[in-house]
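Colleague: I'm new to this one and would like to learn how to read it. Could you walk me through it?

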Amino acid sequence: MKLTLVTGLTGLLLLGTIVELLRRRQLREKYGMLWLAVLVVVIPLSLFPRLLDNVAELLGVASGVSLVLFLGIVFLLLVCVHLSWEVSALEEETRTLAEDFALLRAQIDADRAARDELVSNDG
Amino acid sequence: MVNGKRTLIIIPALNESGSIADVVGEVRGELPGVDVLVVDDGSTDRTAAVAAAAGARVAKLPYNLGVGGAMRLGYRYARDHDYDVAIQIDADGQHDPRYVPKLVDLLDDNDLVIGARFAGEGDYTVRGPRRWAMVMLSAVLSRVAHTKLTDTTSGFRAANRRVIEMFATWYPAEYLGDTVETLVHTARRGYRIRQVPVAMRKRMAGTPSHSPARAMIYLGRAFAVLTLALIRR
């Protein structure tokens, strides 16, 4: 009973945190929705850890809790890979921005030099 | 103009204020009529100001992107300003600009020309894991490119319009991507690559690393980069 209380409360605390982050617009919806969906699965499991025992038996896993642990690790790995992928895309975007910025600055310098030359010729 | 072609010399530079003025000055002295673009790759010293004072055009990146990042910017500049030929030269003064017309000549029949050390001219030697890495890279890349390539990591290369167009949109910023991966990519797309022997000089400033541990790491990374380049699309 004690354990169920600890796991259940942890799940609810996480749910509250994510809802609050979404409410303050500090988490993009696409990530927030992902974590909310995860919690919808996790909270019932935290209250009734034996829920997956039947599925576990079907897959040859000794207990439903081990199955949850295994699925959890796989899921977290996938999330890490996804974040690396997002960071790679972001780096490519900032790289292009940095290039655009450098090209614009070079163009401004060139224009200014041309104008200064014109002015000094007139004078 | 080199042999009637509008030519841009691209010099990627990171904290090279000690040598960049001499390199720019030498290029402009040896090759009157070419434009020089120094790509300042987020230097924290006065590289950009020194290069501009020496008469180069300067494109200053807001932060460090690595040689590959600096080079894509250079090729974008070459494409946007309608150059026929873009030539890449190192900022440390190891490349002799007097070879540039030779590289440009070969662009008549090739798309990418590489100025290569250890190809007959000059006396440049390496030993140990660094040498094994070079042997491995040149053996594999020569097969891929259907031409003899002995110095695949050379930063002295000349590109024609077709290759400028490609490099302006695709140029990896990763380690060794600017040399090894671009060669694989270019060769696979049917562009003709040629190397021409050039003598290298001692660097004007800065020192290359000679630690054996670093050389081993270099070998490992070169192998990884090459394998990735070969399995990538």
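Modeller: Happy to. Keep in mind that this is a predicted model. Let's begin with overall shape in chain B: a compact globule of 233 residues would have a radius of gyration near 17 Å, and chain B has 17 Å, which agrees. Its C-alpha trace spans about 40 × 40 × 35 Å along the principal axes.

Colleague: What does the secondary structure of chain B come to?

Modeller: Chain B has eight helices and seven strands.

Colleague: And in which order do the strands of the sheet in chain B lie?

Modeller: You'll find β3-β2-β1-β4-β6-β5-β7 in chain B, an open sheet of seven strands with mixed pairing. The edges are β3 (57-60) and β7 (193-197) of chain B; each has a single partner strand, so one side of each is left without a neighbour in the sheet. On average, neighbouring strands of this sheet are turned by 20° against each other, ignoring direction.

Colleague: How do β5 and β6 of chain B pair, parallel or antiparallel?

Modeller: Antiparallel: β5 (residues 112-116) and β6 (residues 157-159) of chain B are joined over three bridges. For a spot to look at, take B:V113, whose bridge partner in β6(B) is B:A158.

Colleague: Now chain A. What pattern does it follow along the sequence?

Modeller: Chain A reads α-α-α-α, with four helices and zero strands. The C-alpha trace of chain A spans about 90 × 30 × 15 Å along its principal axes.

Colleague: How is chain A divided into domains?

Modeller: The domain assignment gives domain 1 (1-47) and domain 2 (65-122). The C-alpha centres of these two domains of chain A lie 32 Å apart.

Colleague: How do I read a helix, then?

Modeller: An α-helix has 3.6 residues a turn, so residues three or four places apart point the same way. You can check length too: at 1.5 Å a residue, the 22 residues of α1 (residues 2-23) of chain A should span 32 Å, and its end C-alpha atoms are 31 Å apart, which agrees. Just after α1(A), A:R25 takes a positive phi of about 60°.

Colleague: Last one: how many residues does each chain bring to the contact?

Modeller: Chain A gives nine residues and chain B gives 14 residues. The side of chain A that touches chain B has six nonpolar, no polar and three charged residues.

How values were computed:
Residues numbered from 1 in each chain as written. Chains lettered and ligands numbered in written order. Predicted model: local features only at pLDDT ≥ 70, side-chain atom pairs only at ≥ 80, totals over all residues. Pairing = 2+ DSSP bridges. Helix = DSSP H or I, 4+ residues; strand = E, 2+ residues; numbered from the N terminus. Axes fitted to C-alpha atoms, helices over the stretch in contact; angles between N-to-C directions. Expected span 1.5 Å × (residues − 1). Contact = placed C-beta atoms within 7 Å. Nonpolar A, V, L, I, M, F, W, Y, C, P; charged D, E, K, R; others polar. Domains from an automatic or database assignment. Rg over C-alpha atoms; globule rule 2.2 N^0.38 Å.
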